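Hello,

Here is the structure we talked about passing on. Please open it next to this email and follow along.

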Amino acid sequence: MHSIEPVAAIKIDAVRKAFGATVALDNVNVVIEPGTVHALLGENGAGKSTLVKMMSGLIRPDAGRILVDGQEVNLSAPSRAHQHGIQTAFQELTLVPDLTVAQNMLLPYQPTGFAGLIRERHGAGLVAEHMARVGLGDIDILREVRQFDLATRQKIEIARAIMRKPRVLLLDEPTSSLSGPDIDWLGKLIADLQAVGTTMVFISHRLPEVRRFCNRLTVLRNGRDIGTFAPAELKDEQVVEMIVGRSLSTAFPAKPPLKPRAKPVLAARNLATDGGLADATLDLYPGEIVGVAGLQGMGQQELFRALFGAAALNRGHIEVEGHRVALTSPRDAIDPRVGISLVPEERKTEGLFLRLDGRRNVSIPVIQRFAHLGMIKDRAETVAAATMLDRVQVAPRALYSRLSRFSGGNQQKVAIAKWLMTSSRTLLMLDPTRGVDVGTKHEIYLIMRDFAIAGGAILFFSTEVEELVNLSHRVLVMYKGRIVTHLDGAKGQISESSIMHAALGHAEVQETPSVAVGGAGGRP
């Protein structure tokens with residue numbers, strides 16, 4: 001007797017999709033078996049997001065078929081995908097910032113009563129019960145979504161998709177803003193859902209999580225499927241080579257050699273704000289890359305905002321090359337006499353104007369350089385922007401194309417180019433490789449290394465502990481709004497275990513070594 005193969009939960013059959021001259025998917029074939037967790041891997045622009053949007057009903061294929069439970073379906077709108085039991089938790093969050101958690105969770109299926117009126121109290125009760133079931137009972141569901149940090153919003157996005165009891169759950173970069181215990185939380189959710197037969201599609205750039213959560217993986221490259229495998233069949237190096245189409249000699253470049261220490265290019269003394277930063281003291285030297293580690297909500301975002309003039313201090317002060325500075329806004333920070341720039345956490349909402357082209361985005365921080373008698377000198381602006389885009393390896397067409405048309409990886413490189421344009425001496429970077437592929441990560445690592453070799457100083461936060469270990473000369477660990485531990489790579493103190501030990505609160509406060517402090521200077 002022949003065994004009968006189970007009908008695929010989703011089958012992508014010879015699908016093609018083009019946007020103008022750009023072919024996003026070219027004869028792609030993927031079979032997702034029922035009850036499995038199936039990873040989609042690929043560079044930014046490989047076609048993963050297009051495929052997810054297609055399965056979500058946001059776009060339609062130009063050719064080919066999508067089958068759900070063996071039946072060809074027409075996913076012409078998200079509502080059609082919902083009817084077939086498909087729900088999506090997007091990386092680029094779809095939550096409405098000005099609505100409460102409860103209102104977002106129920107959209108667009110709010111419970112109604114007589115005459116179609118929304119039963120708000122009943123709906124809030126359903127949301128509260130669900131949030132408790134998925135381990136998010138501590139979230140105030142009556143607060144507006146905009147009041148929560150990125151990691152919490154990501155968890156709300158995931159919880160909303162699960163609340164609709166999907167048969168197929170699409171998880172688009174669900175861990176891109178999560179770390180430590182939050183990833184453990186997601187792992188338990190995935191295990192619980194798989195136990196009741198839910199099929200999941202897991203889009204990620206983090207191979208350890210693919211190995212931890214997934215039964216199968218499919219690699220996409222340049223809009224084509226390269227193959228489907230069990231994770232155990234491949235080594236990480238083989239997966240990376242299939243993703244990028246070439247071998248990366250090493251995942252991380254060598255750390256730039258440290259220069260003899262002079263005075264710090266940036267120093268902070270006992271910084272505190274109303275937003276969760278309690279006490280932060282640090283020194284940052286030329287040519288140095290310093291990592292910041294911390295679990296969600298430990299004050300790291302507020303530290304970077306304070307150093308960029310975007311959060312008001314209620315205690316402490318900032319020094320640049322030994323001189324006190326008052327940063328009342330980011331404009332003060334990017335002043336050439338101060339020279340501090342910030343690559344923010346959310347490129348689409350905080351880092352870029354997606355409806356503008358690359359030239360305008362890159363030149364915005366220093367647009368006055370190209371102004372004369374109220375007019376912009378287009379040629380000078382174009383040449384300068386083209387130089388920066390070439391430096392970060394973004395195609396020249398980005399000069400004249402809306403950034404909304406580019407992949408997340410290329411958008412992130414433009415966000416970095418924008419601040420390289422300022423010629424700042426200090427570069428602050430909040431999770432600079434969030435949601436980008438392994439090839440683009442390597443390019444960003446090289447940009448960081450080159451910046452430090454040229455004498456710049458970098459302070460960066462990452463949710464990936466491996467990055468902190470392999471890129472940083474020193475690591476500062478934050479806990480409850482304080483820098484509690486300073487780990488020095490030169491002394492062999494930096495490791496994943498030492499970082500996580502301190503991040504979980506198992507460390508005594510270690511003060512920054514005292515340095516000579518200059519008097520108040522005449523800087524802004």
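Tyr445 is buried, at 6% relative accessibility. Keep in mind that this is a predicted model. The ring of Tyr445 pairs with that of Phe252. The two are stacked, 5.0 Å centre to centre, with 20 degrees between the planes. Tyr445 sits in helix 15 (residues 438–453), and Phe252 in the loop between helix 8 (236–244) and strand 11 (266–272), so the pair ties together parts that are 193 residues apart in sequence. Phe252 is buried too, with a relative accessible area of 16%.

Next, look at Phe308 and Trp419. Their ring centres are 5.7 Å apart and their planes stand at 85 degrees, so this pair is edge-to-face. This pair also links distant parts of the chain, 111 residues apart. Phe308 is in the loop between helix 9 (300–307) and strand 14 (315–320). Trp419 belongs to helix 14 (residues 408–420). Phe308 counts as buried at 7% relative accessibility, and Trp419 at 10%. In total, the count of aromatic pairs is three.

Two rings carry a charge over the face. The charged end of Arg143 sits over the ring of Phe148, 4.4 Å from its centre. Lys155 lies over Trp185, at 5.9 Å from the ring centre.

Now His205. Find it in the loop between strand 8 (199–203) and helix 7 (207–213). Is His205 buried or exposed? His205 has a relative accessible area of 8%, under the 20% cut-off, so it counts as buried. What does its side chain reach? There is a polar contact with the side chain of Glu173, at 3.0 Å. The His205 side chain also reaches the backbone oxygen of Gly42, at 3.5 Å. Leaving out residues up to four places away in sequence, His205 touches Gly42, Asn44, Lys48, Glu173, Gly435, Val436, Asp437, Val438 and Lys441.

One of those contacts, Lys48, takes you to helix 1 (residues 48–55). Six of the eight residues in helix 1 are buried, so the helix is largely enclosed by the rest of the structure. The buried ones are Lys48, Thr50, Leu51, Val52, Met54 and Met55. Just after helix 1 comes Gly57, with a positive phi of about 85 degrees.

Four strands make an open, antiparallel sheet in the order 2-1-4-5. Strand 2 (22–32) and strand 5 (71–72) stand at the edges. Each has a single partner strand, so one side of each is left without a neighbour in the sheet. Here is how strand 1 (residues 10–19) pairs:

- With strand 2, strand 1 runs antiparallel over seven bridges.
- Lys17 stands opposite Leu25 in strand 2.
- Lys11 has Val31 as its bridge partner in strand 2.
- With strand 4 (residues 63–68), strand 1 pairs in the antiparallel sense over five bridges.
- Asp13 stands opposite Arg65 in strand 4.

Strands 1 and 2 form a hairpin with two residues between them. Gly20, in the turn, has a positive phi of about 65 degrees.

Then strand 12 (residues 280–284). How many of its residues are buried? Five of the five are, so strand 12 is largely enclosed by the rest of the structure. Both faces are covered. Ala280, Leu282 and Leu284 are buried on one side, and Thr281 and Asp283 on the other. Strand 12 pairs with strand 11 in the antiparallel sense, over four bridges. Ala267 stands opposite Asp283 there.

Last, confidence. The protein averages a pLDDT of 88, and 94% of the residues score at least 70. Residues 509–524 are another matter: pLDDT stays under 50 over that stretch. The model has 37 contacts beyond four places in sequence for residues 509–524.

Best wishes

Key. Residues numbered from 1 in each chain as written. Predicted model: local features only at pLDDT ≥ 70, side-chain atom pairs only at ≥ 80, totals over all residues. Heavy atoms only, no water. Buried < 20%, exposed > 50% of the residue type's maximum accessible area, 1.4 Å probe, protein only. Polar contact = N/O pair within 3.5 Å; in protein donor to acceptor, adjacent residues only side chain to side chain. Contact = heavy atoms within 4.5 Å. Phe/Tyr/Trp six-rings, centres within 6.5 Å; stacked < 30°, edge-to-face > 60°. Lys NZ or Arg CZ within 6 Å of the ring centre and 35° of its normal. pLDDT = per-residue confidence, 0-100. Pairing = 2+ DSSP bridges.
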